[in-house]
Amino acid sequence: MIPLRRTKIVVTLGPSIDDPLMLERVILDGAVVFRANFSHGEIEMHEKRINLVREIAAKHQITVAILVDLQGPKIRIGRFANKKICLKEGQSFILDTKLPDGSGNEETVTLAYENLPRDVKHGDVLLLDDGRIVLDVVKSDASKVYCTVSVGGELSNNKGINRMGGGLSAAALTDKDRADIKEAVRLQADYIAISFPRHADDVKEARILIKAAGGNPGIISKIERAEAITNLSGIVQASDAVMIARGDLGVEIGDAELPGVQKRIIKVSHHYNKPVITATQMLETMTYNTIPTRAEVSDVANAVLDGTDAVMLSGETAVGLYPDKAVAAMSRICLSAEKHRETRVRRHKDYPLHHVDESIAAATMYIANHLDIKAIIALTESGTTPLLMSRINSSIPIYALSRHQNTLCRMALFRDVHPIPFDATDIDRRTLNQAAILTLQSRHILDAGDLVIITKGDLIGVHGRTNSLKIVTVGEAVAGG
């Protein structure tokens with residue numbers, strides 16, 4: 001049986017888990033959210049992988065979520081004639097939007113991002129290849145950026161470019177992203193992640209495009225621009241979840257600033273009742289090694305202690321040699337971190353409650369944290385009440401029962417929440433509580449004598465109407481109302 005881990009694990013699909021037996025091990029080791037990175041590969045390949053995930057998860061009666069990650073603007077250099085060059089400190093180097101791709105050399109290379117010459121000025125600092133190469137901008141004209149190399153080294157094809165401090169004008173959604181949104185909706189993705197949003201309007205635009213495509217997946221905003229930190233509250237409120245994309249973000253704001261900013265993003269996400277994923281280089285050495293470094297273990301554990309909903313693996317599972325071992329290590333670290341008091345200390349809301357379901361969620365968690373409650377059973381249509389419960393620390397598992405597959409899949413991301421299929425619409429109100437308890441007993445979750453809390457609405461099958469909670473003892477006669 002999979003350990004009852006409160007923090008969720010996101011894995012990236014790729015060649016390393018294309019084999020059904022390996023993918024099955026990854027699922028059984030605890031991965032519950034599967035990321036299809038639309039920056040690479042064809043739609044047909046992504047569709048095949050997504051279908052295989054759903055097939056294997058269904059075989060084991062495990063609810064998983066599919067996350068489609070949009071590419072976003074390509075702020076990259078082009079290709080070199082010899083695939084790579086070596087830049088030396090103090091030399092001149094030109095970024096040229098008009099240079100034919102594939103003809104780059106030690107003096108110049110083309111740009112995939114045509115607006116860069118207009119976005120930069122003398123004195124700006126450009127960071128290439130995640131900051132490994134540093135260029136000082138001397139001047140720019142209509143098509144070229146003239147630079148001096150301040151930190152040199154090997155530079156290969158298609159590496160990314162960041163401006164220190166942010167400020168690049170590239171729109172968050174490209175023509176490719178607009179087409180990919182339609183494909184993501186067709187593939188019934190549970191979440192769509194948008195890359196490089198600068199403000200809430202980028203998120204709102206994505207939501208309009210998703211609605212026009214006929215879908216309703218949750219939107220995850222990837223926080224990876226310096227401007228996104230300035231506009232963090234607005235972006236979080238406009239999103240359904242956020243991802244701390246620490247690669248580009250760390251380059252733009254500086255690596256030393258990243259730990260504090262990560263904590264701030266998690267805190268702001270909790271304030272607005274939004275799930276948050278911590279991503280990038282969490283167990284990167286496990287791409288080629290069978291065990292993580294102690295620093296990586298601490299990194300994952302600290303994200304859990306800070307209250308992240310999920311931790312993410314990228315290359316470790318997409319192209320790594322040991323994807324199942326990486327997931328198993330991630331699960332082991334999360335379980336250990338969750339034993340610490342910091343993850344269970346009560347964090348109740350210190351501001352007024354405005355909605356009935358929010359009040360029910362807060363009351364439920366207060367009772368659960370002060371009474372010997374074995375489990376919380378939340379009958380839900382939209383998943384909102386379990387989400388609100390999950391914002392309050394507790395060691396009590398939340399079992400979210402719903403008849404809607406999309407709701408179940410969305411809840412797979414929520415910390416502490418364990419989705420279970422359950423259709424309450426055809427069950428007599430007088431036996432509804434008992435039916436919910438029997439569902440958990442059939443999965444060997446509850447025993448006779450256990451104390452549980454059940455939440456639901458007076459009107460079964462209606463969204464947003466959770467307005468009651470009941471404390472019951474398993475095995476005793478239970479009224480449904």
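The legends below describe close-up views of a predicted model.

**View 1. An open sheet of 5 strands.** The strands follow the order β19-β18-β17-β20-β21, and their pairing is mixed. Strands β19 (417-421) and β21 (466-473) are at the edges with a single partner strand each, so one side of each has no neighbour in the sheet. From one strand to the next, the twist averages 20 degrees. Strands of a sheet pair through backbone hydrogen bonds, in either a parallel or an antiparallel way. Strands β17 (residues 375-379) and β20 (residues 451-457) run parallel and are joined by 4 bridges. Within this pair, Ile376 stands opposite Ile453 of β20. Helix α13 (residues 356-370) packs on the sheet, where it touches β17, β18 (398-402), β20 and β21. The direction of α13 makes about 20 degrees with that of β21.

**View 2. Leu451 in strand β20.** Leu451 belongs to strand β20. Its relative accessibility is 21%, so Leu451 counts as partly exposed; the cut-off for buried is under 20%. Leu451 and Leu371 are separated by 80 residues in sequence, while their C-alpha atoms are 8.8 Å apart in space. Neighbours within four places in sequence left aside, Leu451 is in contact with Leu371, Asp372, Ile373, Lys374 and Ala375, and also with Ile471, Val472 and Thr473.

View 3. Helix α5 (residues 200-212) has 13 residues, which at 1.5 Å a residue should span 18 Å. The C-alpha atoms at its ends are 19 Å apart, which agrees with that span. Ala200, Asp202, Val203, Ala206 and Ile210 are the buried residues of α5. These residues cover an arc of only 155 degrees around the axis, and therefore lie on the same side of α5. An α-helix has 3.6 residues a turn, so residues three or four places apart point the same way. The buried residues of α5 pack against α4 (175-186), β12 (191-194), β13 (218-223) and α7 (232-238). Ile208, Lys211 and Ala212, on the other side of α5, are exposed. After α5 comes Gly214, with a positive phi near 90 degrees.

**View 4. The largest nonpolar core and another core.** The largest nonpolar core has 68 residues. Phe34, Ile223, Ile265 and Met330 are the residues with the most contacts inside this core. Helix α12 (residues 323-337) supplies the largest share of the core, 7 residues. Apart from neighbours within four places in sequence, Met330 is in contact with Ile9, Met282, Leu283, Val300, Val311, Met312 and Leu313. Another core, of 35 residues, lies apart from the largest one. Val10, Ala65, Met312 and Met365 are among the residues of this other core.

**View 5. Strand β2 and its pairing with β1.** In strand β2 (residues 31-37), 7 of the 7 residues are buried, so β2 is largely enclosed by the rest of the structure. Strand β1 (residues 8-12) pairs with β2 in the parallel sense, over 4 bridges. Thr12 has Arg35 in β2 as its bridge partner.

**View 6. Asp129 in a loop.** The loop between β7 (125-128) and β8 (133-140) contains Asp129. Asp129 has a relative accessible area of 14% and is therefore buried, since buried means under 20%. With neighbours within four places in sequence left aside, Asp129 is in contact with Lys159 and Gly160.

View 7. Most residues other than glycine have a negative phi. Gln281 is found in the loop between β15 (276-279) and α10 (294-306).

Note on methods
Residues are numbered from 1 along each chain as its sequence is written. This is a predicted model: local features need pLDDT of at least 70, side-chain atom pairs count only at pLDDT 80 or more; totals for chains, interfaces and linings use all residues. Side-chain values use heavy atoms; hydrogens and water are left out. Two strands pair if DSSP finds at least two bridges between them. Helices (H or I, at least four residues) and strands (E, at least two) are DSSP runs, numbered from the N terminus. Axes are lines fitted to C-alpha atoms, for helices over the stretch in contact, and angles run from 0 to 180 degrees between N-to-C directions. Contact means heavy atoms within 4.5 Å. The expected span of a helix is 1.5 Å times one less than its number of residues. Buried means under 20% relative accessible area, exposed over 50%, partly exposed in between (1.4 Å probe, protein chains only). The arc is that of the directions from the helix axis to the C-beta atoms. A nonpolar core is a set of buried Ala, Val, Leu, Ile, Met, Phe, Trp, Tyr and Cys residues joined through side-chain atoms within 4.5 Å.
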